[in-house]
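Keep the structure open beside you as you read.

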Amino acid sequence: MGFFKVLQKIRKSSRPDPNPPATPFGTDAALRPSLRENLQKVRETLGNSTDLIIREVAVGEGGTLRAAVLYTDGLTDVKSVDRFILEALMADGVLTLAEQTGTLPGALQKLKDRALTVSEIRDVADFNTLFTQLLSGDAVILLDGYAQGFTVAMGQWEERGVTEPTSQTVVRGPREGFSENIRTNTALIRRKIKDPHLWLETRVIGTVSKTDVAIMYIKGIANDKVVEEVRRRLNRIVIDGILESGYIEELIQDSSYSPFPTVFHTERPDVIAAGLMEGRVAILVDGTPFVLLVPSLFIHFFQVSEDYAQRADIAVLIRLLRILSLGIALLGPSLYIAITTFHQEMIPTGLLISLAAQREGVPFPAFVEAFIMEVAFEILREAGVRLPRTVGQAVSIVGALVIGEAAVRAGIVSASMVIVVSITAIANFVFPAFNMAISIRMLRFPMMLLAASFGLYGITVGLIALVLHLCSLRSFGIPYMAPFGPFIMADQKDAVFRVPWWGMFARPRLINQNNTQREQNPPTSDLKPDPRGS
């Protein structure tokens, strides 16, 4: 406990100042009336960067009013700037002579209302807003003699389109996945939920990166306390940059020292849409295809969207297979070590003789065998991920076969241990959520140590401690082990088992407390065909 207290002190002491000193061009640095001074400040701040384009023009008839259009090459649609901004500013009659000389204050307003044929225009009066919009791809228009300007949404850059997600593949279901553009991601969700109560809130996080972070929820279905808690945790984040949703996940999760994830992430829009309709809250981060979903429960990480596209009986069978794989991945090597070391009487005589013959030339105990094989397999797995895709899979498969066969022939490990470790590794791949699979891989090693020290008694103590830890976790105020602890009978319809769709007429009870009814008129019996055949 003392170690964790020290970590808490380090975390608090290293937390950045929530009120950092203002930069030279903060919110209090207003634009100057002089166009020349404003342009000079922009050039100096950006270090005369070559991708900064500044086009000075003479506005209107006679050209007595000077203006400048600023944009970032590569982030802005240059053709749209030429067509909808420069042509409009340089058109004859866009401003009267009195407006050009500054005797009328409505020049800016007239340009916005009558000259610029674009949909999104925002006022800018300070350098902080100017740089944020300029580096986000917008075009900035400044006029000489005015201490304010406006920005025009002209952002356009090369991006990856909507493709099939690679981390969560399904046999039956939608093939579209999120991209790195936050606006594309929100559009994919709205395509599936055409409800006006699907609300979107956006904020900027990161003093340097200025990353757009959005939360989406269905008003009237999502728990208002959970939504407010999400807002509070996002608002307290003070960091220089957010480059991936994993940054947000680690900063808002409930328990920093638990191996189990309390925030769910996915790159499938249908999974996010289903979570929103259950009352959850989605968190989208610009620049990553992985969207966060809270609150997240333990059983949530063993469910996939394909469970709801298949028949209920097929979904139940596959879910039971995942739960079985969870037990094998967590306890496979541990049970082998405990039984072969302390409880040989549990092994049939014929099998015991075979295992003893295999281990006759092995110099290490079962725990050392398992540890060597597990570490070797983890290295091969990581190498297969980091190697180029064309050779990574071949290297990992060939490496496992060659090393396993060579280790058995050299007498370092027994053939039965290679089988146990291989089945354990395969069972770990069954998990739909990669972060949950990593958690089980981490816990496998302490369970092996307990089995080698105390046998089945050690495994039992480890499981009790694990269950107690899981029951102590919460995800945004919701018990992590719900609907098992606390036990909610009504929510068992979609936990380990899944009833047919006509029986899932209510949303999860703890997650949603506003609109709990999913179906207005749930049927009371199965539909039966007319015996007359009509």
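**A guided tour of the chain**

Among contacts in the chain between residues at least 6 apart in sequence, 66% join residues at least 24 apart, where contact means heavy atoms within 4.5 Å. Please bear in mind that this is a predicted model, in which local features need pLDDT of at least 70, side-chain atom pairs count only at pLDDT 80 or more, and totals for chains, interfaces and linings use all residues. Residues are numbered from 1 along each chain as its sequence is written, and side-chain values use heavy atoms, leaving out hydrogens and water.

The chain holds 18 helices and 12 strands; these are DSSP runs numbered from the N terminus, with helices being H or I of at least four residues and strands E of at least two. Of the 534 residues in the chain, 44% are buried. Here buried means under 20% relative accessible area, exposed over 50%, and partly exposed in between, with a 1.4 Å probe and protein chains only.

Let's start with helix α2, residues 35-45. Its buried residues are Leu35, Asn38, Leu39 and Val42. They cover an arc of only 95° around the axis, so they sit on the same side of α2; the arc is that of the directions from the helix axis to the C-beta atoms. What lies over these buried residues includes β1 (52-59), β2 (65-72), α6 (127-134) and β4 (139-143). Turn to the other side of α2 and you will find Arg36 and Glu44 exposed. After α2 comes Gly47, with a positive phi near 65°.

Next, look at how helices pack. Two packed helices are described by the angle between their axes and the distance between the axes. In this model the axes are lines fitted to C-alpha atoms, for helices over the stretch in contact, and angles run from 0 to 180 degrees between N-to-C directions.

Helix α12 (residues 312-341) and helix α16 (residues 415-428) have axes that come within 7 Å and cross at roughly 160°. That makes α12 roughly antiparallel to α16, since angles under 35 degrees count as roughly parallel, over 145 as roughly antiparallel, 65 to 115 as roughly perpendicular and the rest as oblique. The crossing of α12 and α16 is left-handed, meaning that the near helix is turned anticlockwise from the far one by less than a right angle, whereas clockwise would be right-handed. Among the residues making the contact are Ile328 and Tyr336 of α12 and Met417 and Ile423 of α16. By class, the contact of α12 with α16 has eight nonpolar, five polar and no charged residues. Ala, Val, Leu, Ile, Met, Phe, Trp, Tyr, Cys and Pro count as nonpolar, Asp, Glu, Lys and Arg as charged, and the others, Gly among them, as polar.

α12 also packs with helix α14 (residues 366-386), at an angle of about 160° and with the axes 9 Å apart. α12 and α14 are therefore roughly antiparallel to each other, and their crossing is right-handed. Pro333, Ile337, Thr340 and Thr341 in α12 meet Ala366, Phe367, Ala370 and Glu374 in α14. This contact has five nonpolar, two polar and one charged residues.

Finally, two single residues. Ser453 belongs to helix α17 (residues 434-454) and, at 40% relative accessibility, counts as partly exposed. Ser453 and Phe342 lie 111 residues apart in sequence, with 9.4 Å from C-alpha to C-alpha. Gln253 sits in the loop between α9 (245-252) and β8 (264-266) and is buried, with a relative accessible area of 17%. Not counting residues up to four places away in sequence, Gln253 touches Arg233, Thr262 and Val263.
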